[in-house]
Amino acid sequence: MRKTVLIALILTLIPTLLSAQFATGGTGGGLASTGTSSSGNDSTAQSYTLKRYFNSLAHRDSMAIGWSFGGSIILPGTAQIYNKQYWKLPIVYGGIGGMLGGGLYYNSQFKKTGSESDRLTRNLFFIGAAVFYWGQMLDGAVSYKSYRDHLPGRATIYSILCPGLGQIYNREYWKLPIYYGGLAVSGYFWYYNDIQYKRFQKDYNAATTPGGNYEGNISVDNLKYYRDYYRRFRDYSIVATVLIYLLQVIDADVFATMSSFDVNQSLSMDIQPAVIQPLNYDFTTNYTSAMPVGNAVGVQMNFKF
């Protein structure tokens with residue numbers, strides 16, 4: 001039950017984060033910008049539809065990097081089509097199809113023979129298919145053309161696909177030890193607490209099942225306590241790992257967006273006395289003879305940037 005809740009939490013947080021990154025407006029900056037054409041010029045800010053998406057694949061319209069990334073998730077190779085790198089399509093489909101075919105073949109062999117060698121080979125083929133699938137998404141983001149030298153959407157996608165890669169793209173290398181250290185620590189406690197949980201779960205089942213052949217010296221109540229204890233902290237470790245992952249994605253997008261802000265020497269602040277008028281005179285009580293009813297003396301600050 002707890003695993004189901006944690007999986008639901010992950011599947012809820014990630015789409016929420018992605019919708020926040022894809023939903024902001026702009027011109028060629030973030031994931032939700034209307035996109036840049038292959039010639040490097042931004043299109044006008046209009047609502048993006050599936051019709052425009054397919055027109056973009058036909059190179060009759062521009063596409064945001066977020067749409068390019070989303071298309072690669074649903075149908076591998078679409079980003080390569082938009083980037084006009086058709087020669088990569090045989091590599092993408094050949095790699096994914098070949099690895100899946102090999103995995104399915106050795107899976108059938110494993111079911112027949114039960115051989116550990118067949119099981120290992122099957123797993124390696126499936127991992128290879130996942131690597132090709134992941135690689136075509138990363139390649140689509142790397143090859144995406146934009147008139148901007150630094151694209152926040154690219155930084156976000158980098159961090160989604162590989163934690164820390166967005167920080168490298170932003171040249172904030174000092175953050176890598178923080179995020180990698182956090183992921184390593186939370187991952188270690190996830191692994192350790194899961195091992196301990198499975199250990200006490202096994203012993204508890206053996207101790208409470210007739211003929212379970214439990215030979216330990218820990219009472220049933222203590223076995224239940226330790227089982228629940230390590231399960232709880234394993235779940236905390238999973239949540240911590242997910243939160244650190246999401247934090248580095250948000251960090252990459254925010255600081256990539258801030259890098260485009262124009263901070264120059266024209267920044268200034270001017271402080272002057274002012275007469276402040278209330279929004280509604282019906283609620284004023286400061287009656288004075290020196291000024292109209294409800295007005296007050298204050299200070300106003302003007303910022304120029």
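The stops below begin with confidence and then turn to individual helices and residues.

This is a predicted model, in which local features need pLDDT of at least 70 and side-chain atom pairs count only at pLDDT 80 or more, while totals for chains, interfaces and linings use all residues. Residues are numbered from 1 along each chain as its sequence is written, and side-chain values use heavy atoms, without hydrogens and water.

First, colour the protein by pLDDT (the predictor's confidence in each residue, from 0 to 100). The mean for the protein is 81, and 71% of its residues reach 70 or more. Select helix α6 (residues 116-143), where confidence is highest at a mean of 96, and then helix α1 (residues 2-22), where it is lowest at 53. Over residues 20-45 the pLDDT is below 50, yet this stretch has 71 contacts in the model beyond near neighbours in sequence; a contact means heavy atoms within 4.5 Å.

Next, select Tyr191 in helix α9 (residues 176-208). Is Tyr191 buried or exposed? Tyr191 counts as exposed because its relative accessibility is 55%; exposed means over 50% relative accessible area, buried under 20%, and partly exposed in between (1.4 Å probe, protein chains only).

Finally, move to Thr241 in helix α10 (residues 220-258). With a relative accessible area of 15%, Thr241 is buried. Leaving aside residues up to four places away in sequence, Thr241 touches Leu183, Ser186, Gly187 and Trp190. Display the side chain of Thr241 as well: it reaches the backbone oxygen of Ser237 at 2.8 Å.

Methods
Helices (H or I, at least four residues) and strands (E, at least two) are DSSP runs, numbered from the N terminus. A polar contact is a pair of N or O atoms within 3.5 Å; within protein, one must be able to donate a hydrogen and the other to accept it, and residues adjacent in sequence count only if both atoms are side-chain atoms.
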